[in-house]
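Open the model in your viewer and keep the selection tool ready. Each stop below tells you what to pick and what is there.

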Amino acid sequence: MADKQKSWQHRLENTPDELAMNFVESLSYDRRLYKYDIQGSIAHCEMLEKQGLMSRSEREAVVKGLLEIQAEIEAGSFVFDVSQEDIHMAVEAALIEKTGDAGRKLHTGRSRNDQIATDMRLWMRDQISALLDKLAGLQTAFVELAEKYTEDVMPSYTHLQRAQPIVIAAYLLSFTEQFERDKGRLKDLAVRVNISPLGSGAAAGSTLPIDREITAEKLGFAGITQNSIDAVSDRDFCAEFAFACSMIMTHLSKLAEDFIIFSSTEFSFVKISDKYCTSSSMMPQKRNPDMLELIRGKAGNVFGSLSSLMMMLKAQPSTYNRDLQEEKIHIFNAADYAENCLEMAAAIVSNTQFRTDKIASGIDEGFLDATSLAEYLVKKGVPFRQAHGTVGTAVALCEKRGLKLAELELDEFKKLSDAVEEDVYESLTAANVAKAYTSPGAAGKAQSEERIRYWKEKLQG
Ligand code: ARG
């Protein structure tokens with residue numbers, strides 16, 4: 001509103017012209033912090049009253065005014081005026097309009113520099129728990145899908161070449177592990193986020209008898225920051241957050257890539273629900289996995305936010321610089337993209353079917369049982385390196401004759417190694433191998449079932 005003065009207007013001969021005003025403002029995107037800004041202001045003014053810096057009636061007027069502003073914002077009737085620059089000044093100006101001198105006292109012992117640092121920490125706390133919920137939802141989707149496929153065998157791949165047989169459940173559960181690490185990163189970060197910079201002022205604190213512990217406690221922070229210079233400029237938590245989101249996106253992108261490949265005609269391993277495919281405007285036969293491709297593409301966007309943040313932070317002089325205003329664009333972007341993609345991925349996973357008939361029909365191609373054969377020889381006393389060589393020769397022989405290892409006659413095996421006995425066939429075929437894994441964490445049925453039980457209990461709580 002044109003008649004609302006800016007708080008710093010007295011100092012400058014001219015107010016920014018329209019070009020500058022539109023350039024400097026962050027209200028267009030930091031307005032989403034309004035709830036946290038108001039929450040911080042309420043805690044701050046309650047502290048000011050306790051410290052004798054505001055009267056009881058002033059505090060009452062300020063709290064009432066702030067809550068009214070919050071209601072107006074939520075009702076959509078609050079007029080956001082970019083000439084107020086940012087959410088802090090917009091709320092303060094509206095408060096002064098409502099409460100006069102009481103509102104003019106709110107900014108006592110505080111700067112926008114500690115205010116924005118506080119707002120972002122409050123926002124991030126909530127955002128971390130929203131992401132944790134979404135991650136748990138996706139993990140649950142994987143566990144539920146895995147439960148359906150504890151018996152069915154598929155190939156594992158290294159270098160995208162057939163490696164060893166695994167049960168489909170184990171493949172699916174590999175993602176549950178990845179998303180658990182993502183949760184761990186966010187939980188670690190939540191501890192560093194949860195300290196209060198409020199009261200650090202512009203850069204050096206205040207000469208007024210403010211009590212930072214009171215505001216920290218009111219806002220649910222576990223403690224206060226210990227150096228005002230650091231506190232107003234610390235954005236490590238923003239970079240860490242963007243990295244945590246980037247790792248989430250890396251895992252989602254890997255999942256997307258797998259499912260895109262697996263849904264191709266060449267693989268035909270999975271059927272992604274039609275709900276999450278589109279068709280072509282020209283080719284009538286198409287079922288395109290666009291949602292997955294977008295997840296893969298959106299990963300790039302989040303990495304962009306991480307590198308933007310790193311670039312912004314790297315050469316600023318100490319304490320607050322206006323460059324920091326831009327960090328919000330990137331953490332909001334990273335948070336929104338990650339949250340969105342997690343939700344989409346959970347829906348896709350819940351609606352995906354593995355084409356076990358197709359997978360089974362080709363499962364004995366590609367010598368998935370070769371490593372198991374080498375381990376069979378080891379069990380018969382052959383040193384592994386020698387066994388590896390023998391199986392290599394056997395595979396080359398089979399390939400030449402168009403045979404599978406399980407189709408090689410016993411006397412042919414015996415020609416290759418006299419350690420081979422009749423029981424060799426028990427170690428062959430993908431199905432037999434997948435049943436024979438004994439090591440903890442291996443990709444077999446028993447290990448997968450055990451892990452499913454673990455996850456079900458863990459994800460319930
Ligand atoms: N809108 C600013 C930001 O987001 C608030 C702090 C501005 N402080 C200042 N002294 N100009 O970083």
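Select Phe354 first. Leaving out residues up to four places away in sequence, Phe354 touches Leu145, Tyr149, Met154, Ile168, Tyr171, Leu172, Phe259, Phe269, Val270 and Ile359. Touching, or contact, means heavy atoms within 4.5 Å.

A word on what you are viewing. This is a predicted model, in which local features need pLDDT of at least 70, side-chain atom pairs count only at pLDDT 80 or more, and totals for chains, interfaces and linings use all residues. Residues are numbered from 1 along each chain as its sequence is written, and side-chain values use heavy atoms, with hydrogens and water left out.

Now widen the selection to the core. A nonpolar core is a set of buried Ala, Val, Leu, Ile, Met, Phe, Trp, Tyr and Cys residues joined through side-chain atoms within 4.5 Å. Buried means under 20% relative accessible area, exposed over 50%, and partly exposed in between (1.4 Å probe, protein chains only). The largest nonpolar core has 84 residues; Met124, Leu172, Phe241, Leu252 and Phe354 touch the most other members. Helix α7 (residues 112–148) gives the most to this core, with 15 residues. Another core lies apart from it, with 23 residues, including Leu27, Ile38, Leu48 and Val63.

Helices here are DSSP runs (H or I, at least four residues), as are strands (E, at least two), numbered from the N terminus.

Next, show α7 with helix α11 (residues 236–262). Their axes come within 11 Å and cross at roughly 20°. Axes are lines fitted to C-alpha atoms, for helices over the stretch in contact, and angles run from 0 to 180 degrees between N-to-C directions. α7 and α11 are therefore roughly parallel to each other. Angles under 35 degrees count as roughly parallel, over 145 as roughly antiparallel, 65 to 115 as roughly perpendicular and the rest as oblique. Among the contact residues are Met124 and Leu131 of α7 and Phe241 and Leu252 of α11.

Move to helix α3 (residues 34–50) and helix α5 (residues 87–99). Their axes come within 10 Å and cross at roughly 60°. This pair is therefore oblique. Pick Tyr34, Asp37 and Ile38 in α3: they meet Ile87, His88 and Val91 in α5.

Last stop: Ala71, in helix α4 (residues 56–75). Is Ala71 buried or partly exposed? Ala71 counts as partly exposed, because its relative accessibility is 43%. Draw a C-alpha to C-alpha distance from Ala71 to Val153: 57 Å in space, for 82 residues in sequence.
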